[in-house]
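Here is a friendly briefing to read with the model open beside you.

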Amino acid sequence: MKTRRKPVVLLTVSLVAMLLGTTAVRAATTCEGLINLSLPHGQITAAETVTGGTFNTPPGCTTGSTGCTTNTGLPQFCRVAGTGTPTNDSIINFEVWIPTDSSFNGKYEQLGCGGFCGSISYSGLANAIKRGYASAATDDGSQAGGQPTFALGHPEKIIDYGYRALKETTDKSKTIITALTGQGPQRSYFNGCSKGGHEALMEAQRYPDDFDGIIVGSPANFWTHLLTGAVWNQQALLNDPASYIPPSLLAVLSKAVLAQCVGQDGGVKTDVFLNDPRDCHFDPAAVQCVAGQDPTTCLSSAQVRAARKIYRGPHDPATGELIFPGYEPGSESNPSN
């Protein structure tokens, strides 16, 4: 006897309705109608149809004004802004952009934040909908303009910043997408770099079922040790003014590293990068100035000592245990570093 599958489908829809609320599984007639969508401990603050082509961000700014960016080549989309308030001290702003023309691929991409966050990644949202994705981003519960001043005395905001803002954004965004289109995303992805990479690891660790794929770029993880490494580098460069290595001298280090190690780390001699920096045992003393040398082509002894510290990374002075890895050789003059 054949197994009947239809009741299983009906039961699944019923469960989704219970979990998300009946409005979440019933398509809204218009994008603007989403303003009335009910969200748990949160609300929709704006819902508008953007006809496509161009959109200025932050929303409402005037082209040509300071800080105003014009995003071009956009499809028609539904822009939804909302705020999550899971605690009395939480203000988690987020936006969801959903293509409403034939370019929508049915998939969802959630974007990570950077640094101490505090703003919505509008350029990321624009890039995502250009590629057919519905997309969402959050300020991670901070309105401090990228500064960490939001944290002191606000433990709930720290939790929001650490991981809760991500979950709030994920759940509310998927509810909004379902309400507008009548079904949830066919595939869901998280994409983040630096602090966004930290968020990506948080997603994988805490909410592994929320996404089908997670891009973890340069994750800023293990924050106490990471920031110990940052302080270590600052002290190496600034405790003694003579130790400071200006950007103009970074190429001196990179060129010397490549000259010594290219072709000996699994790559070929015509490479302009290292395949495996761990195989390059470079001592910056190789570029220490000698008497009469042009100081723009070499490092002083104090600068050499600073570079050695940065390559080595901070160690526990009592045990010698590595606290956080130092910078690997070969990318010193990369502008992003």
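Buried means under 20% relative accessible area, exposed means over 50%, and partly exposed lies in between, using a 1.4 Å probe and protein chains only. By that scale Phe-222 counts as exposed, because its relative accessibility is 51%. This is a predicted model, in which local features need pLDDT of at least 70 and side-chain atom pairs count only at pLDDT 80 or more, while totals for chains, interfaces and linings use all residues. Residues are numbered from 1 along each chain as its sequence is written, and side-chain values use heavy atoms, with hydrogens and water left out.

**Backbone points to check**

- Most residues other than glycine have a negative phi, and most peptide bonds are trans.
- Phe-222 has a positive phi near 55 degrees and is placed in the loop between E9 and H5; helices (H or I, at least four residues) and strands (E, at least two) are DSSP runs numbered from the N terminus.
- Cys-117 also shows a positive phi, near 55 degrees, and is found in the loop between E6 and H2.
- Cys-117 counts as buried, because its relative accessibility is 5%.
- Thr-57 and Pro-58 are joined by a cis peptide bond with omega of about 0 degrees, and Pro-58 is in the loop between E2 and E3.

**Helix H2 and its surroundings**

- Helix H2 spans residues 122-130, and its buried residues are Tyr-122, Gly-124, Leu-125, Ala-126, Ala-128 and Ile-129.
- The buried residues of H2 pack against strands E2 (53-57), E3 (69-74), E4 (77-84), E5 (92-99), E6 (107-111) and E7 (134-138).
- Just after H2, Gly-132 takes a positive phi of about 95 degrees.

**Helix pairs**

- Helix H5 (residues 223-238) and helix H7 (residues 301-312) pack at about 175 degrees with their axes 9 Å apart; axes are lines fitted to C-alpha atoms, for helices over the stretch in contact, and angles run from 0 to 180 degrees between N-to-C directions.
- That angle makes H5 roughly antiparallel to H7, where under 35 degrees is roughly parallel, over 145 roughly antiparallel, 65 to 115 roughly perpendicular and the rest oblique.
- Trp-232, Asn-233, Ala-236 and Leu-237 of H5 meet Ala-306, Lys-309 and Ile-310 of H7, where contact means heavy atoms within 4.5 Å.
- Helix H3 (residues 155-181) and helix H4 (residues 195-206) cross at roughly 70 degrees, their axes coming within 10 Å, and the two are therefore roughly perpendicular.
- The H3 side of this contact includes Tyr-161, Leu-166 and Lys-167, and the H4 side includes His-198, Met-202 and Arg-206.

**Gly-217**

- Gly-217 sits in strand E9 (residues 213-217) and is buried, with a relative accessible area of 16%.
- Leaving aside residues up to four places away in sequence, Gly-217 touches Gly-192, Cys-193, Ser-194 and Gly-197.
- The C-alpha atoms of Gly-217 and Leu-37 are 34 Å apart, and the two residues are 180 residues apart along the chain.

**A pocket to look at**

- The residues lining the second largest pocket include Pro-277, Cys-280, His-281, Arg-308, Tyr-327 and Glu-328; on a 1 Å grid over the protein atoms alone, a pocket is an open set of points where a 1.4 Å probe fits, with protein on both sides within 12 Å along at least five of seven lines, and lining residues have an atom within 4 Å of a point.
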